[in-house]
Amino acid sequence: MNAPLYETGAFGEGVSLLLALLLGIGFGFALERAGFGSARKLTSQFYLDDLAVFKVMFTAIVTAMIGTSALAWAGVLDLSLVALVPTYWIAQVVGGLLLGVGFVVGGYCPGTGVAAAATGRLDGLVTLLGILAGCAGFAFAYPALQSLYLAGEMGEQTLPDFFGVPRALVVAAVLAMALAGFAAAHAIERRFAGRRV
Amino acid sequence: MSSSEGGRPAPAPYSNPYLAGFGLGLVLLAAFVLMGRGLGAVGAFNTVVAWLASLAAPQWVADHEFLGRYLGDGEHHPLRSWIVLEVVGLALGALLSGWLAHRVAGTVERGPRASVGARLGLAFAGGALMGIGADLARGCTSGQALTGGAMLNLGSWAFMMCVFAGAYAAAPLVRRQWR
């Protein structure tokens, strides 16, 4: 196998669009299974009595990180052909803070908002309208925001590149951090559960 | 679509978070292996904005440094795009899961002390903040934190930590909405 299969020409655009639909179905199914169609479940992360957001997110990251790394080491997956969003650290720090505030205010992130709206949550649907308005606002204000959008440019940059260490070491560190985080999450939940007002 | 009387099964409990996360990770891994890209969400919103704006001002969108890239190749409809179909799938997959677990219900998620009006106003405001933030960051929790996190992308990890920092910082201000 010579992956990524689309990038190496194993199939064409039509198949890629069908895969978009199928991968999206898997994505939405997993989010809803986890309870992420519910704003109360999601925002519990930020009141510390249910840390499912952290657990699901880091289990997914670790699974895909180990999978891609193992396939790359086996010579099956060419990581240089997998898209990497370039780092603009200042734009991404500011954007991350705004998105985080919007998450706890609105109750969803963009993907979970879609899952919520699809399962009948009116607040999820309104969140989606807000996202559309925000994206339109960004586009209209782009001339004024352009310098911030381009601030902190570092090009395509991975953690192993940036710290100058082998990929395996970063993979091991992220895995260890996730496992320690899961243990800490259970301790925090025990402490904060039952404190709901 | 409030609960119909009699015999409507109770909503099933949510999955174990590690099991759901493992499933999500396998879907993400499949996207990397099959497509050479991860999952996303906010790109679909930008595509819809670009398409709607192009109905009113096609040249403005075509010349727009940020929005123009969401119009596609010009031969096909802008909505015939990978990210739009992925998000349509997201909605279908969530609906399927929710339907199987009896969790589809017309409702407004809010804490016991929050009014529906205030909740919907904050939902819109939060969504607008996220649209701006995700566009600045070149992706949202899916396209940056999840996808870039697994790819060990430096900017994605900076983004992800700031998402948590921003949410924890603002959480006390909107506590009445949820608790």
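Leaving aside neighbours within four places in sequence, which residues is A:Ala116 in contact with?

Analyst: Once its neighbours within four places in sequence are set aside, A:Ala116 is in contact with A:Gly37, A:Ala39, A:Tyr108, A:Arg121 and A:Gly124. Two residues are in contact here when their C-beta atoms, placed from the backbone, lie within 7 Å. A quick word on what you're looking at: this is a predicted model, so local features need pLDDT of at least 70, side-chain atom pairs count only at pLDDT 80 or more, and totals for chains, interfaces and linings use all residues. Residues are numbered from 1 along each chain as its sequence is written, while chains are lettered from A and ligands numbered from 1 in the order in which they are written.

Back to our alanine. A:Ala116 sits in helix α5 of chain A, residues 110-118. Helices are DSSP runs (H or I, at least four residues), strands likewise (E, at least two), and both are numbered from the N terminus. A:Ala116 counts as buried because 32 other C-beta atoms lie within 10 Å. The cut-offs are these: buried takes 20 or more other C-beta atoms within 10 Å of a residue's own, exposed takes 12 or fewer, and partly exposed is in between, with C-beta atoms placed from the backbone. Now look along the chain to A:Ala144, 28 residues apart from A:Ala116: their C-alpha atoms are separated by 33 Å.

A:Ala3 and A:Pro4 are joined by a cis peptide bond, with omega at about 5°, and A:Pro4 belongs to the segment before α1 (13-33).

Next, the partner. The two chains meet through 109 residues of chain A and 106 residues of chain B. On chain A, the touching side has 71 nonpolar, 30 polar and eight charged residues. Nonpolar means Ala, Val, Leu, Ile, Met, Phe, Trp, Tyr, Cys and Pro; charged means Asp, Glu, Lys and Arg; the others, Gly among them, are polar.

Chain B itself has eight helices and zero strands. Of its 179 residues, 59% are buried. It splits into domain 1 (15-105) and domain 2 (108-179), with bounds from an automatic or database domain assignment. Their C-alpha centres lie 18 Å apart. Where they touch, domain 1 of chain B gives nine residues and domain 2 of chain B gives 10 residues. Helix α2 (residues 42-56) of chain B supplies the largest share of the domain 1 side, four residues. That domain 1 side divides into five nonpolar, four polar and no charged residues.

Two loops of chain B are worth a visit. B:His102, between α4 (82-100) and α5 (116-137), has a positive phi near 60° although it isn't a glycine. B:His102 counts as partly exposed because it has 13 C-beta neighbours inside 10 Å. B:Leu152, also not a glycine, has a positive phi of about 60° and lies in the loop between α6 (141-150) and α7 (154-170). With 24 other C-beta atoms within 10 Å, B:Leu152 is buried.

And the confidence scores? Chain B has a mean pLDDT of 95, with 96% of its residues at 70 or more; pLDDT is the predictor's confidence in each residue, from 0 to 100. The model scores ipTM 0.96 and pTM 0.95.
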